[in-house]
Amino acid sequence: MILTALGFSLIGTTIIGGAYPVFERYCLKERYRKRKLCENLEKAFANGDLYKTKGDKREYPTILKVAEQGEKLTLVFNVPKGMNPDEIEKRSYVLKQHFGNNIKLDLDVKRGILQVFNAGLPDKWTYRYEVAAAAIEGIRVPVVCGQSLEGELKVYDMVENPHLLISGETGSGKSSELRSILTTLIKNKRPEELQLILGDLKRSEFHLFKYLDHVEGVYHTAAQLLPVLQKVKLEMDKRGDMLDQEGMNSIGELKRKLPYIIVCIDEVALLKGETAVTDVLEEISSIGRSLGVFLILSMQRPDAKLLDGKLKVNLTVRMGFRTADAINSKIIGTPGAENIKVLGRMILKVNSAAEEIQCPWLDNEKAKKLLAPFKRNKEEVQQQEQEDTYDEYAGVFTNE
């Protein structure tokens, strides 16, 4: 008993005299590091004049939490009442000056979350369908975006965020992004679940999607697009009547399953002046969400007149690749795209949240191999097209 008591006494002395100071030093070191991080963020707010005036006093955002997990640092802060959080978004460059370029900022009216990553985005991210398939599981109309700063494949559901604008200079990565989006959709959805209408106004992007089960057609001019868009409009009217009759809000609630329809047009700026076509596109952007009809529009240089009004407002998702200047990136709605240097890099904006993404690299040859199982015989398709009547054509969308 005496020896046992003596042993415990010695162990206790060791803990108190040796181990505890080590533990204490570790805690103090961590506390000091977190304090320095808080001070750094406070300096960023001060240098960026990010405050709200209250009488003679300046009220800056208050830091609520600091946490580290692996290669990621997270700082949570409040947004003072009466302060517009957009001001913090506009001056996010100050946060980069203090914490580096590898940051992600999420804001709402009450608080902000600043994430700082040790590793940045890769200069190239090669598309692999098995990775995409795992990321999009359970998503109704999945859109593959690319690798985020978290190191994960960023995807979103087009049913929730219905219309997409892709813009950027030639060679910036738009074509690869379009191939990745369309290839993933075709491989993930059955033809009776999804139909694609493709406008290839440059005659250079969508040749590999011709004669696929999911593709209703590939069109090269406004004159070719107009009839099919008018039939899409009729289909939307029919779906709207079905929702009214059954008292439903969207086609996803109907007992009878209808295919989603995506109208994807490359170089949509070439439709400027084609009022009949752009009127239908505006109508799709306004009411297409509940009817299961969505837009993907791509252009090299954003046209302020074409994107002025309802069409621009309703394109809820933006992918801004490298642009010539800040004016162009502002038209797209992705400020900072003018500073992009890396091929395939873009600013992804879903609703109000924007982040930098490295898009997938998918070349034509690899895409052809992935799409080969869905290819139809060209002669059979042409013969079928000659035999199709209007009713049969409309039935493509209603699965009749």
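A salt bridge here is a side-chain nitrogen of Lys or Arg within 4 Å of a carboxyl oxygen of Asp or Glu. The views below pick out a few of them in this predicted model.

**View 1. K104 meets E355 in a salt bridge.** Their side chains come together at 3.8 Å, N to O. K104 sits in strand β5 (residues 103-107) and E355 in strand β17 (residues 353-358), so this pair ties together parts that are 251 residues apart in sequence. Buried or exposed, where do K104 and E355 fall? Both are buried.

**View 2. R345 pairs up with D123.** The closest N and O atoms of this salt bridge are 3.8 Å apart. Here too, distant parts of the chain get linked: R345 belongs to strand β16 (residues 345-350), while D123 is in the loop between β6 (111-117) and β7 (125-126), 222 residues apart. R345 is buried, with a relative accessible area of 9%, whereas D123 counts as exposed at 58%.

**View 3. E193 and R190 form a salt bridge.** The two side chains meet at 3.5 Å, N to O. E193 has a relative accessibility of 26%, so it counts as partly exposed. R190 is partly exposed as well, at 47% relative accessibility.

**View 4. K104 and E355 again, this time with their network.** Salt bridges with shared partners join K104 and E355 with E150 and K154 in one network.

Technical notes:
Residues are numbered from 1 along each chain as its sequence is written. This is a predicted model: local features need pLDDT of at least 70, side-chain atom pairs count only at pLDDT 80 or more; totals for chains, interfaces and linings use all residues. Side-chain values use heavy atoms; hydrogens and water are left out. Helices (H or I, at least four residues) and strands (E, at least two) are DSSP runs, numbered from the N terminus. Buried means under 20% relative accessible area, exposed over 50%, partly exposed in between (1.4 Å probe, protein chains only).
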